[in-house]
Amino acid sequence: MNILLLTGGLILILVGANLLTDGASAIANRFHISPLVIGLTIVAFGTSAPELTISLVSALQGSSDIAIGNVVGSNIFNTLMIVGVTAVLSPISISKGTLSKEIPLCLLASVVLFICANDIFLNREAENIISRSDGLVLLCFF
């Protein structure tokens, strides 16, 4: 029974993400938004919607470790696995802008998350908490 529920949930996540992405792209096209903006924003939101849902539900249920693990694991997978497989299939040319802006910002975001999530280690607090102000800082990086 659990395998059936897991399979059904995965199918629903895939179908929902596809519908969200297709609908958002159609709306953006209707308002004459460039395909580059659609790809970088709307489609990115659509592909991250299942992760956001899982993180929100787990955080609301008191399982914040799952939410943090979901975020960190997703970033590791997207950064290393997808770029690695793509580079194996076809070499990727990296522009100077990517080297000077995007890669340092990606690394900086990881460092900021590490700092926000390590209150015991850095501030000698009783527990690690990502506070509202930490959340605002992370949203500013977004």
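Guide: Happy to! The chain's secondary structure comes to 6 helices and 0 strands, and please keep in mind that this is a predicted model. From the N terminus on, the elements run α-α-α-α-α-α. The C-alpha trace spans about 50 × 50 × 35 Å along its principal axes.

Visitor: How many of the residues count as buried?

Guide: Of the 142 residues of the chain, 13% do. The chain exposes about 11100 Å², and carbon and sulfur atoms supply 72% of that area.

Visitor: Why is Ser55 called buried?

Guide: Buried means under 20% relative accessible area. Ser55 has 13% relative accessibility, so Ser55 counts as buried. You will find Ser55 in helix α2, which covers residues 35-60.

Visitor: Which residues does Ser55 touch, leaving out those up to four places away in sequence?

Guide: Ala67, Asn70 and Val71. For each, that word rests on heavy atoms within 4.5 Å.

Visitor: Now to helix α5, where Phe121 is found. What makes Phe121 count as exposed?

Guide: The label exposed asks for over 50% relative accessible area. Phe121 comes to 58%, and therefore counts as exposed. Phe121 also belongs to a nonpolar patch on the surface, along with Leu105, Leu108, Val111, Phe114, Ile115, Leu122, Val137 and Phe141. Together these residues have about 830 Å² of accessible area.

Visitor: Which elements give two or more residues to the nonpolar patch?

Guide: They are α4 (96-117), α5 (119-123) and α6 (132-141). The most comes from α4, with 5 residues.

Visitor: And why is Asn128 called partly exposed?

Guide: Partly exposed lies between the two other labels, buried being under 20% and exposed over 50%. Asn128 has a relative accessible area of 39%, so Asn128 is partly exposed. Asn128 sits in the loop between α5 and α6.

Visitor: What is Asn128 in contact with, setting aside neighbours within four places in sequence?

Guide: Asn128 is in contact with Ala117, Asn118, Asp119 and Ile120. As for Cys106, 22 residues from Asn128 along the chain, the C-alpha atoms of the two are separated by 23 Å.

Visitor: One last thing: how far apart are the mean positions of the positive and negative charges?

Guide: They are 13 Å apart, for 5 positive and 8 negative charges. As for contacts in the chain with a separation of 6 or more, residues 24 or more positions apart account for 30% of them.

Methods: Residues numbered from 1 in each chain as written. Predicted model: local features only at pLDDT ≥ 70, side-chain atom pairs only at ≥ 80, totals over all residues. Heavy atoms only, no water. Helix = DSSP H or I, 4+ residues; strand = E, 2+ residues; numbered from the N terminus. Buried < 20%, exposed > 50% of the residue type's maximum accessible area, 1.4 Å probe, protein only. Areas by Shrake-Rupley, 256 points an atom, 1.4 Å probe, with all protein chains shown as cover. Lys, Arg positive; Asp, Glu negative; His and termini not counted. Charge placed at Lys NZ, Arg CZ, Asp CG, Glu CD. Patch = residues over 30% accessible without salt bridge, like charges linked within 9 Å, V, L, I, M, F, W, Y side chains within 5 Å. Salt bridge = Lys/Arg side-chain N within 4 Å of Asp/Glu carboxyl O.
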